[in-house]
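Open the model in your viewer, with the sequence panel beside it. We will go from one selection to the next, and at each stop you can check what is there.

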Amino acid sequence: MNLSRIHRIVKLIGLLQSSTGLHAGELAERCDVSRRTIFRDLDALRQAGVPLVFEPSRQAYHIPGQYFLPPTNFTADEALAVISLCHQLGGPDKLPFFAAAASAAVKLEQNLPGRLRSYLHSLSTAVKIKIDAANPLAGKQPFYEQLVSAISQLKSVRITYGSLSEGETISTRLSPYQLLFHYRSWYVIGRSSLHRSVRTFNVGRIAELTQLEDKYQIPQGFSLDRHLRNAWRMIPEPGPDAKIVIHFQPKVARNVAEVLWHKTQQTTFLDNGVLEFRCTVSGLEEISWWILGYGDEATVKEPPELRQLIVQRARRLLAQYEDE
């Protein structure tokens, strides 16, 4: 079942449950499909065991109101947590492609007892979740939905992609294994026929996507953690992992120590208030940009290759300003 039909089936269930009965023509009009398609969808619901009720006198269909999502005895804390997350992540400038979460929050609120709903409204201004700046991925939602559908059916896609690492637009057949939202954008990880390996692609840089009928299998040993290894953020580099030692000056030491930046990190405060930060990473490029963000408050102690990389970039940065 493709993603568009899944969306239609969900909408159909909502129509059938929220009304006292609708005939096939009304359902077809509201779902923007033919009567023939609606009859196929209704038959699919019956086969799935949904208690679809048909009233011959009115030629109308409906689902008993309490079949799906019966009243849930949320505690105030549970309701506040779920509704806050839906509202905060589903806003237009929040997590891309999750606008439906905001409407879900409204529906959840409407189904809560009046007393609890009033209590939540009184608390709503006390809770704010701010996510990092994200790529809005304008116009890319169809690609995201096609990728979700492809993964669910284990079908390959062909993408045209603006590759930054290769400096050109490429075309490859992709067997998508996983979608991941991380560091401001959505990414798809899968095997690329062009590269003959598992690669990571930013959904925002996909220019064209075509669904194929080719089936694939995700390797039994594949996992996202194993693929990313100890990458600082997203891209593991070839070669052995590097053991990193950085000293942060007292001005930023506490701020750095309070955050779990990497799964392997270890932090120790030295007698002079300096923070010694240790971790093991698969590649030096990504972590070098993070270190440079702290300017002269951070000093790389190990390894020498990372020290040299920081020096080179600092010199190039200085040269840019000296030339003006």
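A residue is called buried here when its relative accessible area is under 20%, and exposed when that value is over 50%. Keep in mind that this is a predicted model.

**The whole chain**

Start with everything shown as a cartoon: the chain has eleven helices and eleven strands. Of its 324 residues, 38% count as buried. Among contacts with a separation of 6 or more, 59% link residues 24 or more positions apart.

**Helix 5**

Now select residues 100-110, which make up helix 5. Which of its residues are buried? They are Ala101, Ala105 and Glu109. Look down the helix axis: these buried residues fall within an arc of 85°, so they line one face of helix 5. Turn to the face pointing away from that buried side, and you will find the exposed residues Ala100, Lys107 and Gln110.

Next, colour the open sheet whose five strands follow the order 6-5-4-3-7, with antiparallel pairing. Strand 6 (197-202) and strand 7 (206-215) are at the edges with a single partner strand each, so one side of each has no neighbour in the sheet. From one strand to the next, the twist averages 45°.

Zoom in on strand 4 (residues 168-182) and strand 5 (residues 185-192), an antiparallel pair joined by eight bridges. Here proline 176 sits opposite glycine 190 of strand 5.

**The nonpolar cores**

For the last stop, show side chains for Ile244, Ile246, Phe248, Ile287, Trp290, Ile291 and Leu306, the residues with the most contacts inside the largest nonpolar core, which has 22 residues. Several elements each supply at least two residues of this core, including strand 8 (242-248), helix 10 (285-292) and helix 11 (304-322).

Centre the view on isoleucine 244. What is it in contact with, leaving aside neighbours within four places in sequence? The partners of isoleucine 244 are Phe277, Arg278, Cys279, Val281, Leu284, Ile287, Glu302, Pro303 and Leu306.

Apart from this core lies another, of 18 residues; to find it, select Leu137, Trp186, Phe201 and Ile206, which are among them.

Key
Residues are numbered from 1 along each chain as its sequence is written. This is a predicted model: local features need pLDDT of at least 70, side-chain atom pairs count only at pLDDT 80 or more; totals for chains, interfaces and linings use all residues. Side-chain values use heavy atoms; hydrogens and water are left out. A nonpolar core is a set of buried Ala, Val, Leu, Ile, Met, Phe, Trp, Tyr and Cys residues joined through side-chain atoms within 4.5 Å. Buried means under 20% relative accessible area, exposed over 50%, partly exposed in between (1.4 Å probe, protein chains only). Helices (H or I, at least four residues) and strands (E, at least two) are DSSP runs, numbered from the N terminus. Contact means heavy atoms within 4.5 Å. The arc is that of the directions from the helix axis to the C-beta atoms. Two strands pair if DSSP finds at least two bridges between them. Axes are lines fitted to C-alpha atoms, for helices over the stretch in contact, and angles run from 0 to 180 degrees between N-to-C directions.
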